[in-house]
Amino acid sequence: MTAALLALSLILHAASLYLIALLFLRYKNVLQAEKRQAAMLHETEQALAACMLEMREENEKLLAALDRSFITDESSAEADEGKEVQQKELSHGEAPADETPQKKDQADQFRLDVLNLYQNGYTIEEIAKKLDKGKTEISLMLKFRQF
C-alpha cells in the first residue's frame with residue numbers, strides 16, 4: 001500500500017511541477033505582451049505629440065497669414081480712403097466711384113461661403129473639400145469667427 005501511495009505522490013508531484021512550469025511560461029508571455037504594449041503606447045504618444053506639434057505650427061502659420069491678410073485689408077482700405085480724398089480734391093466735389101480691392105472682395109466672399117455652408121449643415125471636411133482649402137483653416141475661421 002505504501003508503494004501505491006508513493007507512486008501516487010510521485011505522479012502528483014510530477015503533474016504539479018508540469019503545471020507550475022506551464023504557469024511560469026504563461027506569466028513570461030504576459031510580461032512580454034505588457035512590454036510590447038508599453039512600447040506601442042510610447043510610440044503612439046510620440047506620434048501624437050509630433051502630430052500636435054505639426055498642427056500647432058500650421059495653426060500659427062495660418063493665424064499669421066490671417067493677421068497679415070487683415071492688416072493688408074485694413075491698410076488697403078486706408079489707402080483707398082486716401083485715394084478717394086485725392087479724387088475728391090481733383091474732381092472738385094464730384095462723388096468718386098466706390099472702388100474696393102479685389103482681394104478684399106474675394107476674402108469676404110470666401111468667409112461668407114464658409115459661413116453659409118456651415119449654417120447649411122456641411123461639416124468642416126466637406127467645406128474644406130468644396131472650397132479647396134485646409135480643414136484647419138476652415139475650423140479656425142469658424143472657431144474664431146474672423147469674418
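The model you have open is predicted.

Now show the surface. The protein exposes about 12100 Å². Carbon and sulfur atoms supply 60% of that area.

Switch to the cartoon view. You will find 4 helices and 0 strands. Follow the chain from the N terminus, and the elements read α-α-α-α.

Next, consider contacts across the sequence. Take those between residues at least 6 apart in sequence: 47% of them join residues at least 24 apart.

Which residues make up the largest nonpolar core? Select F110, V114, L117, I127, A128, I138, M141 and L142, 8 residues in all. Then color by element. α2 (102-119), α3 and α4 are the elements that give two or more residues to this core. In soluble globular proteins, nonpolar side chains tend to be buried together.

Keep α3 and α4 in view. Select the loop between α3 (124-131) and α4 (135-144); D132 is located there. Check its backbone. D132 is not a glycine, yet its phi is positive, about 55°.

Is D132 buried or exposed? Its relative accessible area is 70%, so D132 counts as exposed, the cut-off being over 50%.

The core includes I127 and I138, while D132 sits in the loop between α3 and α4.

How values were computed: Residues are numbered from 1 along each chain as its sequence is written. This is a predicted model: local features need pLDDT of at least 70, side-chain atom pairs count only at pLDDT 80 or more; totals for chains, interfaces and linings use all residues. Side-chain values use heavy atoms; hydrogens and water are left out. Contact means heavy atoms within 4.5 Å. Accessible areas come from the Shrake-Rupley method with a 1.4 Å probe; for residues, only the protein chains shown count as cover. Buried means under 20% relative accessible area, exposed over 50%, partly exposed in between (1.4 Å probe, protein chains only). A nonpolar core is a set of buried Ala, Val, Leu, Ile, Met, Phe, Trp, Tyr and Cys residues joined through side-chain atoms within 4.5 Å.
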